[in-house]
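Here are some notes for a colleague who is opening this structure for the first time.

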Amino acid sequence: QRQRAGLKAEALQDAILRSANFAIIATDETGIIQLFNVGAERMLGYEPHEVIDQLSPSDLHDPDEVQARGEALSLEMGEPIEPGFEALAFKASRGIEDIYELTYIRKDGSRFPAIVSITALRDERESVIGFLLIGTDNSARKQVEQDLQKAVSAAEKANQAKSDFLSSMSHELRTPLGSILGFAQLIESGSPNAAQLRSVEQILKAGWYLLGLINEILDLAMVESGHMFLSLEAISLGEVLDECHSMIGPKAAQHGIRLRFPQLLEPCIVRGDRVRTKQVLLNLLSNAIKYNRVDGWVEVACMTRAPDRVRIQVKDSGMGLSAEQLAQLFEPFNRLGQEAGTEQGTGIGLVTAKRLVELMHGTIGVDSVVGEGSVFWMDLPRASAAPGLAELPAALPERVHAVDGEQAVRTLLYVEDNPANLMLVEDLIGRRSDLRLLSARDGHSGIQIAREAQPDVILMDINLPGICGITALQLLRTDPATAHIPVVALSANALPRDIRRGLDAGFFRYLTKPIKVTEFMDTLDIALDFAVTGVDATVAERGP
């Protein structure tokens, strides 16, 4: 038995020494090499007699990496560790099997990355008598990691290029639309005759449809490219439903569709992005109205599906969907045979809705019976806490309306390089006797006029010659003479990231082109009030 055990030990030692795939190095307790196998010879290029009793494994590693390892261990262990072999064997000497990554240096000076496992060798009294290091060439894995990093970097650059293209395309499409819709609204609000009014209504109808199409395509592209960023928070479902009811009500009345919304007896709080939740609900409601029957109805309901899920469903009295239509429902640009109908659509609203709901960790689906109607639903996570409410101020200072019995004239500064956009705002402001408009064609001159004229409110385009609107805003904010003036962005950069960037930069409001006249005038009044009171009343009303 002793003979067989000796033969086994001899065979094991011989296998270790002859292994060509692993660099196996053994040292004495001081760290001097005592064993250097065939694999170590092949990987490092040394003959055994050149290293045994002469070198330490740390002599075969990159000295800077060994030094860095010692410094890192000193911080981790809270005690000084000498650079050199002690930095390699520190953990192993304390009974901790250690694996580390360092660079081996061959005899000819060439280098390669390696993974090394180091274990302490002990005698029968558990005293350390040496160390065993088993190393493998890590070049292949490092190459894969580098290739992967390059691929990720290339993909990120491609995504960024796509995102930049989408932003640019959005701006270029919205700029001419801004003029078309803006001036059409001006004509409509004037005194056109019946024929002119019909023509303007068709222009506006087509223009707003085209704008909606642009928005839907860009939304879908942003979702698919991974550039759609959502703000997930606790939101009041009751408030969202109330807003949707007021927004979709006129459309339902126009189509002769009865709307029924639930009266929530208790607060229902879900977790999601408020804007995108409303967008999805409005899409479901709009479809339920458009594709309903004459004198039909649409009913919204909320229910608990599980302790942590809330379902919002939109039920309609429409014609229902067949099994074949249901299978194609979430395909992009598929309108399920409605292309020849009178209702306009793109076939991508539901696709975008599905992606948005999934980004909010929810699910969306439909149940439908041909001839009876459909039920579209989405399930969202229930939130544990209600959204916070801002404390309302005790009283708001009164707005100054008149000076010495006459109407006060307020000053606006519009920084815009596009003549058509400037003309549109000039025409809008020209209808207000309480306002006067100054203009600047670039950011630098806008800043100079703001310092000299001290306007009540500044309207700022983003894409300006010289410096962009965001840079101009930052310069206005750092100047004590202009830091107090509310600055409203008025830009064709309308992607969510553009709006978020603008608001984060400090714009009072961010309006997108084409201008919606009512929204523009309301925002202007809010900014003028803020210029007097220093209080943003709309924020106080709706909470943070």
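1. Two strands are said to pair if DSSP finds at least two bridges between them, and the helices (H or I, at least four residues) and strands (E, at least two) are DSSP runs numbered from the N terminus. This is a predicted model, in which local features need pLDDT of at least 70, side-chain atom pairs count only at pLDDT 80 or more, and totals for chains, interfaces and linings use all residues. Residues are numbered from 1 along each chain as its sequence is written, and side-chain values use heavy atoms, with hydrogens and water left out.

2. An open sheet is formed by 5 strands in the order β16-β15-β17-β18-β19, with parallel pairing. Its edge strands, β16 (435-440) and β19, each pair on one side only.

3. Strand β18 (residues 487-491) runs parallel to strand β19 (residues 509-512), to which 4 bridges join it, and Ala489 stands opposite Tyr510 in β19. The chain passes from β18 to β19 through helix α15 (residues 496-505) in a right-handed β-α-β crossover, meaning that, with the strands pointing away from the viewer, the path from the first strand over the helix to the second runs clockwise.

4. With strand β17 (residues 457-460), β18 pairs in the parallel sense over 3 bridges, and here Met460 stands opposite Ala489.

5. In β18, 5 of 5 residues are buried, that is, under 20% relative accessible area with a 1.4 Å probe and protein chains only. Val487, Ala489 and Ser491 point one way, whereas Val488 and Leu490 point the other way.

Definitions and conventions:
Buried means under 20% relative accessible area, exposed over 50%, partly exposed in between (1.4 Å probe, protein chains only).
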